[in-house]
Amino acid sequence: MNIIKLDATPSTNDFLKALLTNQFVENFTVVTAENQTSGRGQMGAKWEVESGKNLTFSVLVKDVLVEITSIFHLNVLVAVSITEALQRFTISNLAIKWPNDILAENKKIAGVLIENSLKSNGEIFSVVGIGLNVNQKNFDDLPKATSLSCILNHDLDKEAVLVSIIQNLKRNVALLQIGDYDKFWEAYNQKLFKKGIPMPFEDKNGVRFMGIIQGVTANGKLEVLLDNDSLKTFDIKEVQMLY
Ligand code: BTN
């Protein structure tokens, strides 16, 4: 496993993307940082965690999107790969909050930011950025977040967790490339947070409504049953779950 270990960098996603523009980078190369000074999250959010305690890393996945029809398939694969690794470390109460937050005991334990780029030679590079809370204990400022050590009551070897995620990701990408997508899809939908439970949402205009999540469609839209019994699908920019 090719792992580039950094003490500090603005963002491991940005470091890996810059590396790609300068040199050949092997598939599944990993960049980790003990501290990110400008860590980025979904939808322009920041990713700020305690320095040295957690996993913040990016993995290069080359050309997987050529084999598949939807960019969302890689999100599904990554989310499932993380939950499989966490299960190995005996975390059981896991859920995937659409599109790809990983929750343990109803609190966020990991987030994923995937950035794709098309090279001039036609190759598609996906930089898969993962932030996973491992040994951080204090979440006073983030009451909806948790870590592996908060749940297990002991610290973990961060590298062992990292290796487990990368091994799962490699195996699952290989399975995806031979067309074995359905089982990832099923695993994702099976773990979908709040599926089948009435809950409040807010649309992009700030209008609140109640709905029941039915599942996620093949192209990554959230399917919600509304109060008037109609089904509506939303993409990530169109709706926010209020929980
Ligand atoms: C989210 O939940 O909003 C996604 C968070 C993704 C954070 C990771 S940490 C490693 C990689 N580098 C970044 O700047 N972001 C991702």
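## Basis and overall fold

Helices (H or I, at least four residues) and strands (E, at least two) are DSSP runs, numbered from the N terminus. By this rule the protein has six helices and 12 strands. The model is predicted: local features need pLDDT of at least 70, side-chain atom pairs count only at pLDDT 80 or more, and totals for chains, interfaces and linings use all residues. Residue numbers start from 1 along each chain as its sequence is written.

The C-alpha trace spans about 55 × 45 × 35 Å along its principal axes. Of the 243 residues, 31% count as buried, that is, with 20 or more other C-beta atoms, placed from the backbone, within 10 Å of their own.

## Ligand shell

There are 20 residues around the ligand, and S11, G41, G111, G129 and G131 come nearest; a residue is near a molecule if its C-beta atom, placed from the backbone, lies within 6 Å of it. Helix 1 (12–22), strand 3 (55–62), strand 6 (107–118) and strand 7 (124–132) each supply at least two residues of this shell.

Strand 10 (residues 222–226) pairs with strand 11 (residues 231–234) in the antiparallel sense over four bridges; pairing requires at least two DSSP bridges between two strands. L222 stands opposite F234 in strand 11. Four residues lie between the strands of this hairpin, where D229 takes a positive phi near 70°.

## A187

A187 belongs to helix 6 (residues 182–190). A187 and E84 are 103 residues apart in sequence, with 9.9 Å between their C-alpha atoms.

Terms used: Buried ≥ 20, exposed ≤ 12 C-beta atoms within 10 Å, placed from the backbone.
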